[in-house]
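Here is a walk through one protein chain. Keep the sequence and the 3D view side by side as you read.

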Amino acid sequence: MKFRAKIIDIGCLNHFTRVVTTISKLTKTCVLRLTADNLFFVLSGKVANGGVSMWCELSQANFFDEYQMEGVSAEANEICLEVTPENLSRALKTVQNAKAVKVKLTRKHCPCLTVAAELPTLSSISRVVTHDLPVDVIPRRLWAEFKEPSMPDFDVSIYLPPLKTMKNVVDRMKNLSNFLVMMMTMDLRMGAGPGAETQTPWLRPGSTSGSCSSSSWDSRSTPARPCAISSTTGSST
């Protein structure tokens, strides 16, 4: 197995760092699946048992200027690694001003994902910072657990307010309850034209049993645009 990639564009480096940082806030460990065209960050928790599932797919052409990989065989041209996103995020944050960043699969005292960055310098002597991040190689017999999950058909599509606005709202309510209930109320007056249907979001903390509590919070009290909702069945929820 071989993997080597290189990022030169600073915008691509910053974007990739933000993606990894976001993933590090969701889980302590996840699976990094490498193919010839894509990178996948996968977390296959059992949702029925209260676990969390995650599927993040990145096209390598959108981030890397150079990308080379060889899987376990010609028929199974993939590499699956168990990584700690927080370690990768910290390594990338320290090289944001680098001239180039190389990421490769190496073997030191154990399998490692090595991040090597060439830093700018005023002299002719180059400066290179290297981070060796331990990883676990996942055997091929377990790969079936890290395939793209099947998504159920949905009847309703909801266009949410900006995520930054949602984050600010949820952060203010996280100390009130372990559950958060989102409700949509119809307001035809806010439509863009005749017959338009839009929704105004309501968020309120829920009790430990999952039902709504007596206290509530109306998101219309903050300057956020309302959610728009459409239903394939012709009815609103």
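The structure holds 0 disulfides, a disulfide being a pair of cysteine sulfur atoms within 2.5 Å. Take C30. Its closest cysteine sulfur belongs to C56 and is 8.9 Å away, too far for a bond. C30 is buried, at 2% relative accessibility. Buried means under 20% relative accessible area, exposed over 50%, and partly exposed in between (1.4 Å probe, protein chains only). C112 is in no disulfide either; the nearest cysteine sulfur, in C110, is 4.0 Å away. C112 is also buried, with a relative accessible area of 0%.

A word on the source. This is a predicted model, so local features need pLDDT of at least 70 and side-chain atom pairs count only at pLDDT 80 or more, while totals for chains, interfaces and linings use all residues. Residues are numbered from 1 along each chain as its sequence is written, and side-chain values use heavy atoms, with hydrogens and water left out.

How confident is the predictor? pLDDT is its confidence in each residue, from 0 to 100. The chain averages 77, and 75% of the residues score at least 70. Over residues 207–237, pLDDT stays under 50.

Now the fold. The chain has 3 helices and 15 strands. These are DSSP runs, numbered from the N terminus: helices are H or I of at least four residues, strands are E of at least two. Of the 237 residues, 36% are buried.

Look at helix α2, residues 85–93. Its buried residues are P85, L88, S89, A91 and L92. They sit on the same side of α2, because they cover an arc of only 165° around the axis. That arc is taken from the directions from the helix axis to the C-beta atoms. The cover over these residues includes α1 (10–24), β2 (30–34) and β8 (111–119).

Turn to the aromatic rings. The whole structure has 5 aromatic pairs. Rings of Phe, Tyr and Trp (its six-membered ring) pair if their centres lie within 6.5 Å; planes under 30 degrees apart count as stacked, over 60 as edge-to-face and the rest as tilted. F3 and Y67 have ring centres 5.6 Å apart and planes at 70°, so this pair is edge-to-face. It links strand β1 to strand β5, with the two residues 64 apart. F3 is buried at 5%, and Y67 at 15%. F40 and W55 form a tilted pair, with centres 5.1 Å apart and planes at 45°. F40 is buried at 6%, whereas W55 is partly exposed at 22%. Ring pairs also join F3, F16, F63, F64 and Y67 into a cluster.

Note on methods: pLDDT is the predictor's confidence in each residue, from 0 to 100. Contact means heavy atoms within 4.5 Å.
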